[in-house]
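Visitor: Could you walk me through a structure I have never looked at before? I would like to learn how to read its features.

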Amino acid sequence: MKKTDMYHVALGERSYDIRLQSGSLKNIGEAMRDLFPDAEHCMVISNTLVAPLYLDVVKESLEASLWQVFEHILPDGEHFKTLDTWSGIMDGLMDARLSRNEPIVALGGGVVGDMAGFAAACYRRGIPFVQVPTTLLAQVDSSVGGKTAVSHPHGKNMIGAFYQPKLVWIDPDVLQTLASNQLRAGLAEAIKYGAIWDASFFNQIERDAQKILALDDTSINQIILASCRYKAEIVMQDETEQGVRALLNLGHTFGHAIEAMTHYTAYLHGEGVAIGMCMAARLSEQLAYAPKGTEANMIKALQALELPVNPPEFTAIEWLDAMGHDKKNVGSHIRYVLLKKIGEAFIAEHVKNQDIERLIASYA
Ligand SMILES: NC(=O)c1ccc[n+]([C@@H]2O[C@H](COP(=O)([O-])OP(=O)(O)OC[C@H]3O[C@@H](n4cnc5c(N)ncnc54)[C@H](O)[C@@H]3O)[C@@H](O)[C@H]2O)c1
């Protein structure tokens, strides 16, 4: 029997476990039965790409533990992360008549997890949900912490709720079928924890890049577990992003702008974050917060992970406009997460538009 790694996210009555074990997808039914002894039904929400790969194994496991399983299959893609798709989930839940103690199982990447979580938060004013993340990004980041959302034409993830899952069930074996660009995008979020808090974790990912990209069991499990720990610890300190949780947005203000300006078609979320972290590192140097060489170190590590590091060409006005719609801004003020060094990030409240103009000009 393979070893299970476990991390407990302590949030009072909203507490839950993150469990990581290779090959554990086929055991989800038992774990859910222990967690919800009295529930009869559940609904698995997945998408058209993930369901043919993993829905059967999940369903068989659930049925073996006496669950009656409904399923709702979403179209695949970030551009379906909309109120319309979410409304379809609501219709499915209404038709299935799931009761208040009966859970949703989110089987998929961050898009499925965020939408299924938001559906769980709203249906009957909240039913339980379990995250079964199947992308690296979802395993190291989005499945933990309870941010759920859909996007709006005016901005990404603009409509949502903080709503914690009851369990995060991670089987790293499912990464075998993940496209390599998706794997790399997930690594951008993992190395981000190192850039924010822990230079040794940052260096470890850079050093082990080839093993990680080849999905070496030990390396990938270490990365996922360590990432979940960082994420969980920050969520325990600041569940609803009133303070320190905002550090997790390193690279995201620029990254979301990149995604929006290229209409969510040219860059994966993690790729936008990778470029955004390089821009944040350069800005940190330009404003003399970080020593020379910080940007170069960031670029070197991200290139080892075969991630993009150069921003697409847009004018400073376009950048500022796109970032003005980022929901992390307080009022009209744009907040940036910058670096004092690799391993230490902070929130900069007083970056001026001219600083951004200078940053963008420096790429010309
Ligand atoms: N809630 C949070 O805290 C949080 C944090 C970071 C990102 N996010 C959100 O997560 C989303 C991005 O998540 P993502 O990168 O997982 O994207 P995604 O969910 O779109 O998945 C990427 C692609 O991989 C496919 N896929 C998933 N698992 C697979 C597998 N095992 N094998 C083969 N293909 C598989 C998906 O169908 C999709 O085509 C964004 O919407 C972002 O806003 C949320």
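Guide: We will go from the domains to the ligand, then to helices, the core and some single residues. Keep in mind that this is a predicted model.

Visitor: Into which domains is the protein chain divided?

Guide: The chain has two parts to look for: domain 1 (5–177) and domain 2 (181–361). Their centres, taken over C-alpha atoms, are separated by 26 Å. To the contact between them, domain 1 gives 28 residues and domain 2 gives 32 residues. On the side of domain 1 that touches domain 2, two or more residues come from each of strand E1 (5–9), strand E2 (16–20), helix H5 and strand E8 (155–162). By class, that side has 15 nonpolar, nine polar and four charged residues.

Visitor: Which residues are closest to the ligand?

Guide: Gly109, Gly110, Thr134, Thr135 and Ser142 are the closest, in a surrounding set of 28 residues. Helix H4 (110–122), helix H5 (136–142) and helix H6 (180–197) each give at least two. Sorted by class, the shell holds 10 nonpolar, 12 polar and six charged residues.

Visitor: How should I read the buried residues of a helix?

Guide: Start with the general idea: an α-helix has 3.6 residues a turn, so residues three or four places apart point the same way. Now look at helix H1 (residues 28–35), where Ile28, Gly29 and Met32 are buried. Seen down the axis of H1, these buried residues fall within an arc of 100°, so they line one face of the helix. Among the elements that cover them are strand E3 (41–47), helix H2 (51–64), strand E6 (129–133) and strand E9 (167–170).

Visitor: Which residues are buried in helix H13?

Guide: In H13 (residues 316–324), they are Trp319, Ala322 and Met323. Their arc around the axis is only 95°, which puts them on the same side of H13. They pack against helix H10 (252–261) and helix H14 (353–361).

Visitor: Which residues touch the most other members of the largest nonpolar core?

Guide: Those are Ile45, Ile104 and Ala280, in a core of 108 residues. At least three residues of this core come from each of domain 1 and domain 2. Take Ile45 as a case: leaving out residues up to four places away in sequence, its contacts include His72, Leu74, Ile89, Ile104 and Val112.

Visitor: Is Tyr264 buried or partly exposed?

Guide: Tyr264 is partly exposed, because 18 other C-beta atoms lie within 10 Å, and a buried residue needs 20 or more.

Visitor: What can I learn from the backbone angle phi?

Guide: In general, most residues other than glycine have a negative phi. Here, Arg124 has a positive phi, near 50°. Arg124 sits in the loop between H4 and E6, and is partly exposed, with 13 C-beta neighbours inside 10 Å. Glu306 also has a positive phi, of about 60°. The loop between helix H12 (294–304) and H13 holds Glu306, and with 15 other C-beta atoms within 10 Å, Glu306 is partly exposed.

Technical notes:
Residues are numbered from 1 along each chain as its sequence is written. This is a predicted model: local features need pLDDT of at least 70, side-chain atom pairs count only at pLDDT 80 or more; totals for chains, interfaces and linings use all residues. A residue is near a molecule or strand if its C-beta atom, placed from the backbone, lies within 6 Å of it. Helices (H or I, at least four residues) and strands (E, at least two) are DSSP runs, numbered from the N terminus. Ala, Val, Leu, Ile, Met, Phe, Trp, Tyr, Cys and Pro count as nonpolar, Asp, Glu, Lys and Arg as charged, and the others, Gly among them, as polar. A residue is buried if 20 or more other C-beta atoms lie within 10 Å of its own, exposed if 12 or fewer, and partly exposed in between; C-beta atoms are placed from the backbone. The arc is that of the directions from the helix axis to the C-beta atoms. Two residues are in contact if their C-beta atoms, placed from the backbone, lie within 7 Å. Domain bounds come from an automatic or database domain assignment. A nonpolar core is a set of buried Ala, Val, Leu, Ile, Met, Phe, Trp, Tyr and Cys residues joined through C-beta atoms within 7 Å.
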